[in-house]
Amino acid sequence: MHIVTARTEASKSTKRVPVFPVGHLLPFVLVTVLFFIWGMSNNLTDILVQQFKKSFELSPLQAQLVQTAVFFGYACMALPAAFFMRRWGYKAGIVAGLCIFSIGTFLFWPAAAIGQYTPFLIALFFVGCGSATLETAANPFVAQFGPAETSEQRLNFAQSFNPPGTITGVIVGAYFILSGIENSPTKVEQMKSAGTYLPYLHMEIMRVVPTYVAISVVVFLFALLIGFTNFPAIHSEHEDGGDHGSFKQLFRYPHLWVAVFAEFCYCGAQFATWSAYIFYMKQYTGVTERTAALFLTGNLVAMGVGRFVSTWLMRWFDPARMTALYAVIDIGLLGYGILHPGFSGAMAILASSFFMSLMFPTIFAMGIKDLGPNTKLGGSLLVMSVAGGGVFPPLLGYVAKRTGSYATAYVVPLVAYIVIALYGFYGRRMQVADERQNPPA
């Protein structure tokens, strides 16, 4: 009874604490737009997996290197971005990230002209570096840009604009990148005999150029807008002077390192689930690639709805416990998709996106809690853990190749959700223990 009462009183107290920063809404809105931008880019890569597999005649494992290239950029750039922002602040990091992102998307033009797979992977690496810089800046900035008591709720709200970006990315990719042409083996042989097959493949490759060049221009213009906007200093990180923390101090916070591993597993589960979804539907339902892409959009809608609903529910329920419960539900849904391949299994996998919704922002906010001047460095480690999105999809592709079954391959994200469920149950205890050992200055 005492525990329930304490939780109820904490909930009432949280309701009285504002979620959004008072007097600084413009920078908050502009940073929130960033979540839309990289969400759109990240899920365009799910379309690229399908497009490049066809255009370059790749195996499932080779096609998933699209994800690996992007998230290798995350692994390489997050920590340098944090050191950059320790010196120059969050605003400079955001502008730098947008510029790198713009360069990466523009490189799709020369890559298409060359007509080889490797230049595209290099361009995607730059996109990943830009996204890593943006996430290293935006996530901790939003979490700290207001009262500490509502950090999880505020970050979940900002992250709610990530799914509309992912939905936009899939829709744009489905209609402007995927041609909808799916040639049978007989048709391919006829085209090869007629000498029209290689020109057809080149046409498929060039379809990515207009979309990515347009993104490059828009992102560069947004960087200029951010550059001319006044951003306040984050006092908890001593951006207005004082101790900026050190990497060595991070080892005093075990809850951060556990959060990094949980985030690694979550990102791997999310991107493995989505990047293989089109292939799952085509193997077990017989739909076309464009129809499968529309169902992939359903995954993103489910996640977007889940983010808004979960942010609202956090007014009454502990975010960590919600994460544990959602992970258990996702284990059941993916288990059904594995055991019942077909349309019902595909719908179960789609439903799992609703329950994965709160995991990334909640784990992130819990991980950087009470790090003080070490928040930029701690946040960079959590962003580096996004590299799980480059590890799990190829692993899923490998299992699919070995077994001939995309349903069986979904055991890869299922295992990740077991880790997340354990984190949801025990992560908060570690955070509280670390806070007692390292009280805020």
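This is a predicted model: local features need pLDDT of at least 70, side-chain atom pairs count only at pLDDT 80 or more; totals for chains, interfaces and linings use all residues.

User: What is the volume of the largest cavity?
Analyst: A cavity is a set of points on a 1 Å grid over the protein atoms alone where a 1.4 Å probe fits but cannot get out. Grid points are joined across faces, edges and corners, and the volume is the space filled by probe spheres set on the points. The structure holds 1 cavity of 30 Å³ or more. The volume of the largest cavity is about 130 Å³.

User: Which helix gives the largest share of the lining of the largest cavity?
Analyst: Lining residues have an atom within 4 Å of a cavity point. There are 13 of them, and the closest to the centre are Trp38, Glu135, Asn162, Gln270 and Phe271. Two or more lining residues come from each of helix H2 (25-55), helix H13 (254-275) and helix H15 (289-313), helices being DSSP runs of H or I with at least four residues, numbered from the N terminus. The largest share, 4 residues, comes from H13.

User: How many residues of helix H18 are buried?
Analyst: Buried means under 20% relative accessible area, with a 1.4 Å probe and protein chains only. Helix H18 spans residues 359-368 and is mostly covered; among its buried residues are Phe360, Ile363 and Phe364. The count of buried residues in H18 is 10 of 10.

User: Why does helix H8 count as largely enclosed by the rest of the structure?
Analyst: Helix H8 covers residues 151-159. Its buried residues include Glu152, Arg154 and Leu155. H8 is largely enclosed because the buried residues number 8 of the 9.

User: Is tyrosine 277 buried or exposed?
Analyst: Tyrosine 277 lies in helix H14 (residues 277-284). Its C-alpha atom is separated by 8.5 Å from that of phenylalanine 295, 18 residues apart along the chain. Because its relative accessibility is 0%, tyrosine 277 counts as buried.

User: What is the area of the nonpolar surface patch that includes Val217?
Analyst: Valine 217 lies in helix H12 (residues 209-227). The patch is made by Val217, Phe220, Leu221, Leu224 and Phe228. Its area is about 550 Å².

How values were computed. Residues are numbered from 1 along each chain as its sequence is written. Side-chain values use heavy atoms; hydrogens and water are left out. On a 1 Å grid over the protein atoms alone, a cavity is a set of points where a 1.4 Å probe fits but cannot get out, and a pocket is an open set with protein on both sides within 12 Å along at least five of seven lines; lining residues have an atom within 4 Å of a point. Patches are made of residues with over 30% relative accessible area and no salt bridge: like charges are joined within 9 Å, nonpolar side chains (Val, Leu, Ile, Met, Phe, Trp, Tyr) within 5 Å. Accessible areas come from the Shrake-Rupley method with a 1.4 Å probe; for residues, only the protein chains shown count as cover. A salt bridge is a side-chain nitrogen of Lys or Arg within 4 Å of a carboxyl oxygen of Asp or Glu. Buried means under 20% relative accessible area, exposed over 50%, partly exposed in between (1.4 Å probe, protein chains only).
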